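Please report on a helix pair and the pockets of this protein. Keep it brief.

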Amino acid sequence: MNAFFETVGDLLRESGFYYIISYFKDGGWQTLVMLLLSLVLIYLAIVKKFEPLLLLPIAFGMLLANLPLAGLSSADEGGLLYYLYQGVALKIYPPLIFLGIGVMTDFGPLIANPSSLLLGAAAQIGIFVTFIGASLLGFTLAEAGAVAIIGGADGPTAIFTAQALAEHLTPSIAIAAYSYMALVPVIQPPIMRLLTTKKERAVRMTQLREVSKREKIIFPILVTLVVSLLLPSAATLVGMLMLGNLLRECGVTERLAKTAENELMNIVTILLGISVGSTASAENFLNTKTLLILALGMFAFAMGTAFGVLFGKIMCFVTKGKVNPLIGAAGVSAVPMAARIAQKVGREEDPDNYLLMHAMGPNVAGVIGSAVASGILIAMLGG
């Protein structure tokens, strides 16, 4: 009987419960906080539907990484998540996500209205404003660049940039990026209304011209060549994005396009999410920098929206009222949610105003713009 109780006692002493209780003052409380935080994120993903396709795997990866004595964080060499994390560490997963995004994206509205590129570029100014702010708040230049990219509202780009510039900040940056992407319907409308007049919000835009098949095939090839030759550090993300789009548009690779859009995209999303979550151990996440990153991420996203709208106002003035400034807010990279918000806010003033396709131009330009901004930051600040 004594042997039985000794065995039970040994098992209890080797359990995670014993670790949390025994080492509560020396780190056990931090582990408990991280477990609770992971449960909150799981709740937000499932119940509130905050970017569930990636936030749920991230949250569950965080839960696994903080299970005491389980050896499931990305730093636990030999464990399952250590090996899965190599796809993040080697910057493989984000470009594969971009491949899938390329297949799902119609660049027709951007091709039909090339000036949309200017709105997508303007929305990226928030990234560089935040970069300056973060560096003034004590972040190193590389860390500031990694934090600022949250303003692009593109999760894979944020993860890719963080891995290149400040790997230790990846979990905080990833969670901030996907949280703010999910909050687009909450964050953007007040900024859009504040910076525009009722008359500007009611501007109707002429119907876009029809884009030919040839144009849609040439476009991804041309963008890959121009962007990659000008900025080689952006070639990985832009190249995979454009490959995906070429698979979509060329008409001879339907099977590949379907696989990239569905099976591959779903598999990589799971692996990316759980791998990023596995880096969110208590020592990496529970610090003042995380709070600053969350605040700066919000600032970056708000500034990106504001600069997009302000440049939209300039285009409205230059074209004598032919451009609705609201579509500038879609210049951030949250496709297609930001474009839908532009449509929604516009229809509040004029229920018969249809801005969605016009907003998709800046929106897809924002995807390219965020990848280019990432390339610039990596070229300037990377090793």
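## Basis

This is a predicted model: local features need pLDDT of at least 70, side-chain atom pairs count only at pLDDT 80 or more, and totals for chains, interfaces and linings use all residues. Residues are numbered from 1 along each chain as its sequence is written, and side-chain values use heavy atoms, without hydrogens or water.

## Helix 16 and helix 21

The axes of helix 16 (residues 235-249) and helix 21 (residues 356-381) come within 8 Å and cross at roughly 155°. Helices are DSSP runs (H or I, at least four residues), numbered from the N terminus. Axes are lines fitted to C-alpha atoms over the stretch in contact, with angles from 0 to 180 degrees between N-to-C directions. The pair is therefore roughly antiparallel (angles over 145 degrees).

L237, V238, L241 and M242 in helix 16 meet V367, I368, A371 and S374 in helix 21 (heavy atoms within 4.5 Å). This contact has seven nonpolar, one polar and no charged residues. Ala, Val, Leu, Ile, Met, Phe, Trp, Tyr, Cys and Pro count as nonpolar, Asp, Glu, Lys and Arg as charged, and the others, Gly among them, as polar.

## Largest pocket

The largest pocket holds about 860 Å³ of space. A pocket is an open set of points on a 1 Å grid where a 1.4 Å probe fits, with protein on both sides within 12 Å along at least five of seven lines; lining residues have an atom within 4 Å of a point. Volume is the space filled by probe spheres set on the points.

Its lining has 31 residues, with E51, I101, M104, M265 and V335 closest to the centre. Helix 17 gives the most, seven residues. The lining has 20 nonpolar, six polar and five charged residues.

## Second largest pocket

The second largest pocket has a volume of about 420 Å³. Its lining divides into 11 nonpolar, 12 polar and three charged residues.

Terms used: Helices (H or I, at least four residues) and strands (E, at least two) are DSSP runs, numbered from the N terminus. Angles under 35 degrees count as roughly parallel, over 145 as roughly antiparallel, 65 to 115 as roughly perpendicular and the rest as oblique.
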